[in-house]
Amino acid sequence: MEKQRIAIIGLGRIGSAFLRQILERNAQGLEVVAVAEAHETPGLQLARERGVNISSLDAIVAMGKQVDVVFDLTGLPAVRRELREKMGAAGNQHTVIASETIARVIWALISATDLPVIAGRTTGY
């Protein structure tokens, strides 16, 4: 089975829950290759415990084709814009940038629980 190599940017409530579910599916062809988070969160602690590469947005962009999908779960349009610009400048046409909207679709398929909702948060590309 071909592995899908995943990076997650933003490990707040949503990113932490998403990371936990994805790590449980490692044997199903999903591999978390890097995470980025600016603050100490339960997700960041989980990543440390599981030996996931803790990185920065710039370092994840520099990984190029070593990352198939980057989930931007920060909820910050400026971060998503920065990620798109840097991936474009790097000429990376391989890695897909997935927003929180896509994470919610995947969550509905893999979990029987609800993904946290943050009041007032906008989603989209």
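This is a predicted model: local features need pLDDT of at least 70, side-chain atom pairs count only at pLDDT 80 or more; totals for chains, interfaces and linings use all residues.
The secondary structure of the protein chain comprises 5 helices and 5 strands. Read from the N terminus, these elements follow the order β-α-β-α-β-α-β-α-β-α. The chain has 125 residues, of which 45% count as buried. Among contacts with a separation of 6 or more, 73% join residues 24 or more positions apart.

Helix H1 spans residues 13-23 and is mostly covered, with 9 of its 11 residues buried. The buried residues of H1 are Ile14, Gly15, Ser16, Ala17, Phe18, Leu19, Gln21, Ile22 and Leu23. What lies over these residues includes three strands, S1 (4-9), S2 (30-36) and S4 (69-72). The cover also includes two helices, H2 (42-49) and H5 (100-110). The two helix contacts can be taken in turn.

Two packed helices are described by the angle between their axes and the distance between the axes. For H1 and H2, the axes come within 8 Å and cross at roughly 30°. Angles under 35 degrees count as roughly parallel, and H1 and H2 are therefore roughly parallel to each other. Their crossing is left-handed. On the H1 side the contact is made by Ser16, Leu19, Arg20 and Leu23, and on the H2 side by Pro42, Gly43, Leu46 and Ala47. By residue class, this contact of H1 with H2 consists of 5 nonpolar, 2 polar and 1 charged.

For H1 and H5, the axes are 11 Å apart and the packing angle is about 45°. That angle makes H1 oblique to H5. The crossing of H1 and H5 is left-handed. H1 contributes Ile14, Ala17, Phe18, Gln21 and Ile22 to the contact, while H5 contributes Glu100, Ala103, Arg104, Ile106, Trp107 and Ile110. The residues in the contact of H1 with H5 divide into 8 nonpolar, 1 polar and 2 charged.

Gln21, a residue of helix H1, is one of those taking part in the contact with H5. Is Gln21 buried or exposed? Its relative accessibility is 14%, so Gln21 counts as buried, the limit being under 20%. Apart from neighbours within four places in sequence, Gln21 is in contact with Trp107, Ile110 and Ser111.

Ala47 is found in helix H2 and is buried, with a relative accessible area of 0%. Not counting residues up to four places away in sequence, Ala47 touches Leu19, Val35, Val52 and Ile54. Leu19 of H1 and Ala47 of H2 are both listed in the contact between these helices. Along the chain Ala47 and Leu19 are 28 residues apart, and their C-alpha atoms are separated by 8.1 Å.

Leu30 is found in strand S2. Leaving aside neighbours within four places in sequence, Leu30 is in contact with Lys3, Gln4, Ile6, Ile22 and Arg25. The C-alpha atoms of Leu30 and Arg5 are separated by 6.2 Å, although these residues are 25 residues apart along the chain.

Ile97 is found in strand S5, residues 96-98. With 14% relative accessibility, Ile97 counts as buried. Its C-alpha atom is separated by 9.9 Å from that of Ile8, 89 residues apart along the chain.

Conventions
Residues are numbered from 1 along each chain as its sequence is written. Side-chain values use heavy atoms; hydrogens and water are left out. Buried means under 20% relative accessible area, exposed over 50%, partly exposed in between (1.4 Å probe, protein chains only). Helices (H or I, at least four residues) and strands (E, at least two) are DSSP runs, numbered from the N terminus. Contact means heavy atoms within 4.5 Å. Axes are lines fitted to C-alpha atoms, for helices over the stretch in contact, and angles run from 0 to 180 degrees between N-to-C directions. Angles under 35 degrees count as roughly parallel, over 145 as roughly antiparallel, 65 to 115 as roughly perpendicular and the rest as oblique. A crossing is left-handed if the near helix is turned anticlockwise from the far one by less than a right angle, and right-handed if clockwise. Ala, Val, Leu, Ile, Met, Phe, Trp, Tyr, Cys and Pro count as nonpolar, Asp, Glu, Lys and Arg as charged, and the others, Gly among them, as polar.
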